[in-house]
Amino acid sequence: MAANQNFGAGRAQRIYAPPYTQVVTLDFEDFPFEPTKANHPSSLCGSTNTFQDALIVDNEGGRMFVCSNADICATRKAAGHTGPNQHPVAEPAS
C-alpha cells in the first residue's frame with residue numbers, strides 16, 4: 001500500500017507496527033523521543049531487560065509493572081520464572 005499507516009495506542013504514547021517492520025522513532029522539536037525502562041522487575045515474570053507497562057491497581061495510585069510484550073512474559077512464566085512479588089510496587093509521588 002502506498003499510504004503511510006500509523007497504528008496508535010492512544011494514551012500509551014506508542015505506536016504499534018506489524019512484526020518485522022522497520023521502525024524509526026517519531027521525534028518532535030518540542031517532545032523528543034526518549035526510551036525509558038522501569039526501575040522494577042516485572043511483577044509477573046521477574047524480567048529486568050524488557051520494556052514494561054505500569055498498571056494502576058488501586059485508588060491510591062499503587063502500580064504493578066508487567067512486560068509490555070505479553071508473549072515474552074507468558075513464555076518466561078511457563079519456564080518457571082516468577083516476579084519478586086505479586087503485589088503493587090509503591091511509586092514515589094511526583
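Is T50 buried or exposed? At 14% relative accessibility, T50 counts as buried, where buried means under 20% relative accessible area, exposed over 50% and partly exposed in between, with a 1.4 Å probe and protein chains only. This is a predicted model, so to speak of local features takes pLDDT of at least 70 and side-chain atom pairs count only at pLDDT 80 or more, while totals for chains, interfaces and linings use all residues. Residues are numbered from 1 along each chain as its sequence is written, and side-chain values use heavy atoms, with hydrogens and water left out.

**Overall layout**
- The protein has one helix and two strands; helices (H or I, at least four residues) and strands (E, at least two) are DSSP runs, numbered from the N terminus.
- Along the sequence, they come in the order β-β-α.

**Burial, surface and contacts**
- Of the 94 residues in the protein, 15% are buried.
- Among contacts (heavy atoms within 4.5 Å) with a separation of 6 or more, 42% link residues 24 or more positions apart.

**Around T50**
- T50 sits in the segment before β1 (52-56).
- Its side chain makes a polar contact with the side chain of S47 at 3.1 Å; such a contact is a pair of N or O atoms within 3.5 Å, and within protein one must be able to donate a hydrogen and the other to accept it, with residues adjacent in sequence counting only if both atoms are side-chain atoms.

**Both ends of α1**
- N69 caps the N-terminal end of helix α1 (residues 70-78), with a side-chain oxygen 3.0 Å from the backbone nitrogen of D71.
- Just after α1, G80 takes a positive phi of about 100°.
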